[in-house]
Amino acid sequence: MIGNSTLASNRATERGEIAMDSAARRIGGGIWEGLYRVIMRRNSVYVTFVVLGAFAGERAVDYGVHKLWEINNVGKRYEDIPVLGQRPSEE
C-alpha cells in the first residue's frame, strides 16, 4: 500500500512541480534554519543573544532620538544661546 505522502509527491512530479522532502530542506538550510542552529538551539546562547540585542537596540534608539531632538531644537538649546552657552575664559 502506498502512503498519502508518496501519492502527493508523485502527483506533484507528474505535474512538473518540484517535490521537496525533509532531507532536501535540511541540506538547503535557509535563513531560519541557520538562525535556529546558531542561536536558538542552546538556551544560554539564546538568552545571551536576547540580552545583547536588547542592549544594542536600546543604544540605537537612544542615539536616534537624541539626534532627532537636536535637529528639531536647533537654536532653542542652552548651547545655542550666545551669552549663556559660552564659558567664561579663565585668564
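1. Is lysine 67 buried, partly exposed or exposed? Lysine 67 counts as partly exposed, because its relative accessibility is 34%; buried means under 20% relative accessible area, exposed over 50%, and partly exposed in between (1.4 Å probe, protein chains only).

2. The model is predicted: local features need pLDDT of at least 70, side-chain atom pairs count only at pLDDT 80 or more, and totals for chains, interfaces and linings use all residues. Residues are numbered from 1 along each chain as its sequence is written, and side-chain values use heavy atoms, with hydrogens and water left out.

3. The protein has four helices and zero strands, and from the N terminus on its elements run α-α-α-α. Helices (H or I, at least four residues) and strands (E, at least two) are DSSP runs, numbered from the N terminus.

4. Of the 91 residues of the protein, 4% count as buried. The accessible surface comes to about 8700 Å², and 60% of that surface belongs to carbon and sulfur atoms. Accessible areas come from the Shrake-Rupley method with a 1.4 Å probe; for residues, only the protein chains shown count as cover.

5. Two salt bridges are present in the structure, a salt bridge being a side-chain nitrogen of Lys or Arg within 4 Å of a carboxyl oxygen of Asp or Glu. Glutamate 70 pairs with lysine 67, their closest N and O atoms lying 3.8 Å apart. Because these two residues are three apart in helix H4, about one helical turn separates them. Glutamate 70 also meets arginine 77 in a salt bridge, at 4.0 Å from N to O. Glutamate 70 is partly exposed at 22% relative accessibility, and arginine 77 is partly exposed with a relative accessible area of 23%.

6. Helices H3 and H4 pack at an angle of about 100°, with their axes 7 Å apart. Axes are lines fitted to C-alpha atoms, for helices over the stretch in contact, and angles run from 0 to 180 degrees between N-to-C directions. The angle makes H3 roughly perpendicular to H4, a term that covers 65 to 115 degrees. Val38, Ile39 and Met40 of H3 and Val45, Tyr46 and Phe49 of H4 make the contact, where contact means heavy atoms within 4.5 Å.

7. Tyr36, Met40, Tyr46, Val47, Phe49, Val50 and Val51 make a nonpolar surface patch of about 640 Å². Helix H3 (31-40) and helix H4 (43-72) are the elements that give two or more residues to this patch, and the largest share, five residues, comes from H4. Patches are made of residues with over 30% relative accessible area and no salt bridge; like charges are joined within 9 Å, and nonpolar side chains (Val, Leu, Ile, Met, Phe, Trp, Tyr) within 5 Å.

8. Tyrosine 46 is found in helix H4. At 36% relative accessibility, tyrosine 46 counts as partly exposed. Tyr46 belongs to the nonpolar patch and to the contact between H3 and H4.

Key. Parallel < 35°, antiparallel > 145°, perpendicular 65-115°, else oblique.
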